[in-house]
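The following explanation leads from the overall form of a protein chain to the surroundings of individual residues. The sequence and the model are shown first.

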Amino acid sequence: MNNFLADLWQLATQKKYPKYIFFALCLNLIVAPAVYAANAESFTKFQAYALGLLGIATFAFSIYLFVVMFQPEKF
């Protein structure tokens, strides 16, 4: 069991994408209730969480494209 946890910890420190996805979902737990509160009569909770996640993904994608435009030699 201890070896499994050590291997899992080593894998988690090598790969950054699962951490980014986890932090995006945690941020969505903050954003989605605000979206739901702003439009409680027109959105369901599922739609509020989906819109919150879509907004976070759009924001992250725009930052990525901004970095790619001004530092193309990295990619």
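A residue is called buried when its relative accessible area is under 20%, exposed when it is over 50%, and partly exposed in between, with a 1.4 Å probe and protein chains only. By this criterion, buried residues account for 7% of the 75 residues in the protein chain. The model is a predicted one, in which local features need pLDDT of at least 70 and side-chain atom pairs count only at pLDDT 80 or more, while totals for chains, interfaces and linings use all residues. Residues are numbered from 1 along each chain as its sequence is written, and side-chain values use heavy atoms, with hydrogens and water left out.

The protein chain contains three helices and zero strands, where helices (H or I, at least four residues) and strands (E, at least two) are DSSP runs numbered from the N terminus. Read from the N terminus, the order of elements is α-α-α. The C-alpha trace spans about 50 × 45 × 15 Å along its principal axes. The radius of gyration of the protein chain is 17 Å, whereas a compact globule of 75 residues would have one near 11 Å; the radius is taken over C-alpha atoms, and the globule rule is 2.2 Å times the number of residues to the power 0.38.

Helix 3 covers residues 45-70, and its end C-alpha atoms lie 38 Å apart, which agrees with the 38 Å that its 26 residues should span at 1.5 Å a residue. That expected span is 1.5 Å times one less than the number of residues. Within helix 3, the residues Ala48, Gly52 and Ile56 are buried. An α-helix has 3.6 residues a turn, so residues three or four places apart point the same way. The buried residues of helix 3 pack against helix 2 (17-38).

Which residues does Asn28 contact, leaving aside its neighbours within four places in sequence? Asn28 belongs to helix 2 and counts as buried because its relative accessibility is 5%. Its contacts (heavy atoms within 4.5 Å) are with Pro33, Tyr49, Gly52, Leu53 and Ile56. Gly52, in helix 3, is buried at 2% relative accessibility. The C-alpha atoms of Gly52 and Asn28 are separated by 5.8 Å, although the two residues are 24 residues apart along the chain. Not counting residues up to four places away in sequence, Gly52 touches Asn28 and Val31. Ile56, also in helix 3, has a relative accessible area of 15% and is therefore buried. Its C-alpha atom is separated by 7.5 Å from that of Asn28, 28 residues away along the chain. With neighbours within four places in sequence left aside, Ile56 is in contact with Ala24, Leu27, Asn28 and Val31.

Helix 1 (residues 2-14) includes Leu8, which is partly exposed at 45% relative accessibility. Leu8 and Leu29 are 21 residues apart in sequence and 25 Å apart in space, C-alpha to C-alpha.

The surface remains to be described. The protein chain exposes about 6,500 Å², of which carbon and sulfur atoms supply 73%; accessible areas come from the Shrake-Rupley method with a 1.4 Å probe, and for residues only the protein chains shown count as cover. Phe59, Ile63, Phe66, Val67, Met69 and Phe70 make a nonpolar surface patch of about 660 Å². Patches are made of residues with over 30% relative accessible area and no salt bridge, with like charges joined within 9 Å and nonpolar side chains (Val, Leu, Ile, Met, Phe, Trp, Tyr) within 5 Å. A salt bridge is a side-chain nitrogen of Lys or Arg within 4 Å of a carboxyl oxygen of Asp or Glu. Val67 is located in helix 3 and is partly exposed, with a relative accessible area of 30%.
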